[in-house]
Amino acid sequence: MTQTLTLTVDRKTHVLAVSPNIPLLNVLRNDLALNGPKYGCGLGECGACSVLVDGMVARACVIPVSSVVGRDVTTLEGLVVDGRLDPVQQAFIDAQAAQCGYCLNGMIMTVRALLNRTPMATATQLRTALEYNLCRCGTHIEILAAAQRAVILNAASSQEASHE
């Protein structure tokens, strides 16, 4: 049974007729054509489907779409503002942290959520935050380097924004 739900995704309002129990991931990918979040395990274990809900990382494959009504959902695509990559996205490019790239959505969204709470996150905090994101290619060293670079770029970006 479908219902009309109003969602805020990437700073845009969407009115959709969907089943309220369908996973958020399905709506993002199938109805809104947002391909940043990936279908990985379907159990909320790998992190490939991660999005931000009110700034906190969440696994979109296990969240019913009805639970995000009235909340702000941000996908990988939504981190880009006015054509500028988020500092975390830029850090992952700078560090060449991708091999196959399938896990990167979850890694980037997890680091962004951590930096939302703890802008000057330590290496230990970054490792802890990323602990439950799986990478089958084994690019963990590059991912951790990217996460540490993200702290630096995020601080610089925040400083620039405060001077504008």
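**Starting at a turn**

Reply: Asp 10 is buried, with a relative accessible area of 10%. Keep in mind that this is a predicted model.

Me: ok, where is Asp 10 found?

Reply: Asp 10 sits in the loop between β1 and β2. Those two strands form a hairpin with two residues between them.

Me: and what is the phi of Asp 10?

Reply: Asp 10 has a positive phi of about 55°, although it is not a glycine.

Me: what about Arg 11, buried or exposed?

Reply: Arg 11 counts as exposed, because its relative accessibility is 55% and the cut-off for exposed is over 50%. Arg 11 also lies in the loop between β1 and β2. Its phi is positive, about 65°, and Arg 11 is not a glycine either.

Me: how many bridges join β1 to β2?

Reply: Seven bridges join β1, residues 3-9, to β2, residues 12-18. The two strands run antiparallel.

Me: which residues face each other there? give me a couple

Reply: Thr 6 stands opposite Val 15 in β2. Val 9 has Lys 12 in β2 as its bridge partner.

Me: which residue in β5 is the bridge partner of Val 9?

Reply: In β5 the bridge partner of Val 9 is Val 73. β1 and β5 are joined by two bridges, and they run parallel.

Me: what holds strands together like that, in general?

Reply: Strands of a sheet pair through backbone hydrogen bonds, in either a parallel or an antiparallel way.

Me: zooming out, what is the order of the strands in the sheet?

Reply: The order is β2-β1-β5-β3-β4. This is an open sheet of five strands with mixed pairing.

Me: which strands stand at the edges?

Reply: β2 and β4 do, and β4 covers residues 56-59. Each has a single partner strand, so one side of each is left without a neighbour in the sheet. On average, neighbouring strands of this sheet are turned by 40° against each other, direction ignored.

Me: how do β3 and β4 pair?

Reply: β3 and β4 pair in the antiparallel sense, over four bridges. In that pairing, Ser 50 stands opposite Arg 59 in β4. β3 and β4 make a hairpin with two residues between the strands, where Asp 54 takes a positive phi near 50°.

Me: switching to helices. which strands does α1 lie across?

Reply: α1, residues 24-31, lies across β1, β2, β3 and β5. It runs at about 105° to β2.

Me: and α3? which strands does that one lie across?

Reply: α3 lies across β3, β4 and β5, and runs at about 25° to β3.

Me: I clicked on Asn 105. which helix is it in?

Reply: Asn 105 is in α3, which spans residues 104-117.

Me: is Asn 105 buried or exposed?

Reply: Asn 105 is buried, because its relative accessible area is 3% and buried means under 20%.

Me: what is Asn 105 in contact with?

Reply: Leaving aside neighbours within four places in sequence, Asn 105 is in contact with Gly 36, Pro 37, Lys 38, Ala 48, Cys 49, Ser 50 and Leu 76.

Me: pockets next. how much space lies in the largest pocket?

Reply: About 450 Å³. The largest pocket is lined by 18 residues, and those nearest its centre are Leu 85, Asp 86, Pro 87, Arg 112 and Ser 157.

Me: which helices supply the lining of the largest pocket?

Reply: α2 (87-94), α3 and α5 (140-163) each supply at least two residues of the lining. The largest share, five residues, comes from α5.

Me: what classes of residue are in that lining?

Reply: The lining of the largest pocket has seven nonpolar, six polar and five charged residues.

Me: and what volume does the second largest pocket have?

Reply: The second largest pocket has a volume of about 180 Å³. Among the residues that line it are Cys 46, Cys 100, Cys 103, Cys 135 and Cys 137. Ala 48, one of the contacts of Asn 105, is also one of the lining residues of the second largest pocket.

Note on methods:
Residues numbered from 1 in each chain as written. Predicted model: local features only at pLDDT ≥ 70, side-chain atom pairs only at ≥ 80, totals over all residues. Heavy atoms only, no water. Buried < 20%, exposed > 50% of the residue type's maximum accessible area, 1.4 Å probe, protein only. Contact = heavy atoms within 4.5 Å. Pairing = 2+ DSSP bridges. Axes fitted to C-alpha atoms, helices over the stretch in contact; angles between N-to-C directions. 1 Å grid on protein atoms, 1.4 Å probe; cavity = no way out; pocket = protein on both sides within 12 Å on 5 of 7 lines; lining within 4 Å. Points joined across faces, edges and corners; volume = space filled by probe spheres on them. Nonpolar A, V, L, I, M, F, W, Y, C, P; charged D, E, K, R; others polar.
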